[in-house]
Amino acid sequence: MACALTRPVVHGLRPDYQSNVNFVVLDFDIKTQHDLAVEMGAARHPAFAVIPPNADPNDVAERRFGAINIEELQALLEDIVEIYSQAQ
């Protein structure tokens with residue numbers, strides 16, 4: 001249920017951030033995607049993982065679990081964009 005609530009939030013913000021952030025949506029019902037999610041430490045869903053540019057999927061900088069509203073996700077994305085734009 002939380003995934004169904006969160007999916008429109010993610011897809012709604014994608015156009016505003018896709019030039020700075022890669023959005024990857026994994027489907028837990030597909031084994032290879034489930035295995036990658038577990039490898040990234042996202043064994044529950046919905047889960048959000050921040051992986052630095054050019055990093056390995058295991059190098060997750062931040063994780064969030066559970067439903068997230070548009071304001072929380074937007075704040076997280078703004079922080080990510082600012083942190084990683086300064087690092088370049």
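The buried residues of helix α1 pack against β1 (47–50) and α3 (70–86); helices (H or I, at least four residues) and strands (E, at least two) are DSSP runs, numbered from the N terminus. This is a predicted model, in which local features need pLDDT of at least 70 and side-chain atom pairs count only at pLDDT 80 or more, while totals for chains, interfaces and linings use all residues. Residues are numbered from 1 along each chain as its sequence is written, and side-chain values use heavy atoms, with hydrogens and water left out.

**Helix α1**

- Helix α1 covers residues 2–17, and its 16 residues should span 22 Å at 1.5 Å a residue. The expected span is 1.5 Å times one less than the number of residues. The end C-alpha atoms are 22 Å apart, which agrees.
- Thr6, Val9, Val10, Leu13 and Tyr17 are the buried residues of α1. Buried means under 20% relative accessible area, exposed means over 50%, and partly exposed lies in between (1.4 Å probe, protein chains only).
- Seen down the axis of α1, these buried residues fall within an arc of 105 degrees, so they line one face of the helix. The arc is that of the directions from the helix axis to the C-beta atoms.
- Pro8 and Pro15 are exposed, on the face of α1 turned away from its buried side.
- Thr6 lies in α1 and counts as buried at 4% relative accessibility.
- Leaving aside neighbours within four places in sequence, Thr6 is in contact (heavy atoms within 4.5 Å) with Pro46, Phe48, Ala67 and Ile68.

**The largest nonpolar core**

- In soluble globular proteins, nonpolar side chains tend to be buried together.
- The largest nonpolar core here has 15 residues. Such a core is a set of buried Ala, Val, Leu, Ile, Met, Phe, Trp, Tyr and Cys residues joined through side-chain atoms within 4.5 Å.
- Tyr17, Val21, Phe23, Leu73, Leu77 and Ile80 touch the most other members of this core.
- The elements giving two or more residues to this core are α1, β1 and α3. The largest share, six residues, comes from α3.
- Phe23 is in contact with Val10, Leu13, Arg14, Tyr17, Gln18 and Leu77, leaving aside its neighbours within four places in sequence.

**Salt bridges**

- Side chains of opposite charge can pair when their charged atoms come close.
- A search of the whole structure finds two salt bridges. The term means a side-chain nitrogen of Lys or Arg within 4 Å of a carboxyl oxygen of Asp or Glu.
- Lys31 forms a salt bridge with Asp35, and the closest N and O atoms are 3.0 Å apart.
- Lys31 and Asp35 are four residues apart in helix α2 (residues 31–39), so about one helical turn separates them.
- Lys31 counts as exposed at 60% relative accessibility. Asp35 counts as partly exposed at 34%.
- Arg64 forms a salt bridge with Glu62, with the closest N and O atoms 2.8 Å apart.
- Arg64 is partly exposed at 32% relative accessibility. Glu62 is partly exposed at 31%.

**Arg63 in strand β2**

- Arg63 lies in strand β2 (residues 62–65). Its relative accessibility is 38%, so Arg63 counts as partly exposed.
- Arg63 is in contact with Met40, Gly41 and Phe48, leaving aside its neighbours within four places in sequence.
- Arg63 and Ile51 are 12 residues apart along the chain, and their C-alpha atoms are separated by 9.2 Å.
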